[in-house]
Amino acid sequence: MSEQRVALVTGSSSGIGAAVARRLAANGIRVVVNSARSRAAGEALAAELPGALYLQGDVADPADAQRLVAQAVEHYGRLDILVNNAGTTRFIPLDDLAAADAQAWREIFDVNVIGTWQLTTAAVPHLRASGAGCVVNISSVSAIRAMGSSVPYAVSKAAVNHMTRLLASQLGPEIRVNAVAPGLVDTPWYAEADEVWESSRDWITAHTPLRRVGTPEDVADATLHLVDAGYTTGDVLTVDGGRHLV
Ligand SMILES: NC(=O)c1ccc[n+]([C@@H]2O[C@H](COP(=O)([O-])OP(=O)(O)OC[C@H]3O[C@@H](n4cnc5c(N)ncnc54)[C@H](OP(=O)(O)O)[C@@H]3O)[C@@H](O)[C@H]2O)c1
């Protein structure tokens, strides 16, 4: 069996997930690139990265979640790292209570919370077998501060943070579980919300300690740090240029 570690990065055809996939690959880790819909972009990224594999699958779908992990292990014979990055939201002003209806809550929780849970539970036996298994969940600063693209989104990421702590308390010593909580990051996430993006970017550039929005590479740096931080578990690492301070 190859000594090279294997990582499954969900939602890695774009934005933060793609930057994480690139960073892990640059550090000698073989990467499974995944997306639910954007197959061409995922395949193109996997073709760029040495030893990478693309797998299409929706993390919210229970059968897909099992299959993604099974196919990754079938292909490489091991799984060492799971990055739960796939996420979704709806852009709903926090004071528009009617718009945050049950359907919005279900759609967001299905991907962000249940998807994270399904991938993690499917991966646990393989991460345990790795001997140094590791999960990094991509959360959000909206889990920590009263802000974000919608109430269901922010609450879903708060759930991810607490899931991180609960699983970390149970899965050691073989598996560490941590999260990264980014602030505003320049990705296609805001493609359908130009006004939200522009006003948030301007406010952050004017008011936060580091005076800029984040890049996908900032989040990739933090993710790689947690992948290699052998004595850290149950932590949520904020990567927001100090947004949570103001
Ligand atoms: N951008 C920010 O400001 C920001 C801030 C804090 C946290 N985050 C978090 O960072 C993560 C990535 O966001 P991003 O900004 O990089 O967004 P993005 O550029 O829109 O990328 C999202 C990725 O997730 C995939 N995806 C969505 N739903 C999926 C599903 N059900 N199953 C599998 N893959 C799925 C998308 O591909 P398909 O749509 O083709 O499936 C795409 O590859 C999310 O969890 C988000 O909550 C982002």
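Predicted model: local features only at pLDDT ≥ 70, side-chain atom pairs only at ≥ 80, totals over all residues.
Local features need pLDDT of at least 70 and side-chain atom pairs count only at pLDDT 80 or more, while totals for chains, interfaces and linings use all residues. Residues are numbered from 1 along each chain as its sequence is written, and side-chain values use heavy atoms, leaving out hydrogens and water.

View 1. Leu45 sits in α2, residues 39-48 (helices are DSSP runs of H or I, at least four residues, and strands are runs of E, at least two, numbered from the N terminus). With a relative accessible area of 3%, Leu45 is buried (under 20%, 1.4 Å probe, protein chains only). Beyond residues up to four places away in sequence, Leu45 touches Ser12, Ala18, Ala21, Arg22 and Val33 (contact means heavy atoms within 4.5 Å).

**View 2. Val69 in the largest nonpolar core.** Val69 and Leu79 touch the most other members of this 30-residue core (buried Ala, Val, Leu, Ile, Met, Phe, Trp, Tyr and Cys residues joined through side-chain atoms within 4.5 Å). Its largest share, seven residues, comes from α4. Leaving aside neighbours within four places in sequence, Val69 is in contact with Leu8, Leu79, Leu119, Ala122, Ala123 and His126.

**View 3. Helix α1 against helix α7.** Here α1 (residues 15-26) and α7 (residues 216-228) pack at about 50 degrees, with axes 8 Å apart (axes are lines fitted to C-alpha atoms over the stretch in contact, and angles run from 0 to 180 degrees between N-to-C directions). Among the residues that meet are Ala19, Val20 and Leu24 in α1 and Ala220, Leu224 and Val227 in α7. The residues of this contact divide into nine nonpolar, two polar and three charged (Ala, Val, Leu, Ile, Met, Phe, Trp, Tyr, Cys and Pro count as nonpolar, Asp, Glu, Lys and Arg as charged, and the others, Gly among them, as polar).

Notes: Buried < 20%, exposed > 50% of the residue type's maximum accessible area, 1.4 Å probe, protein only.
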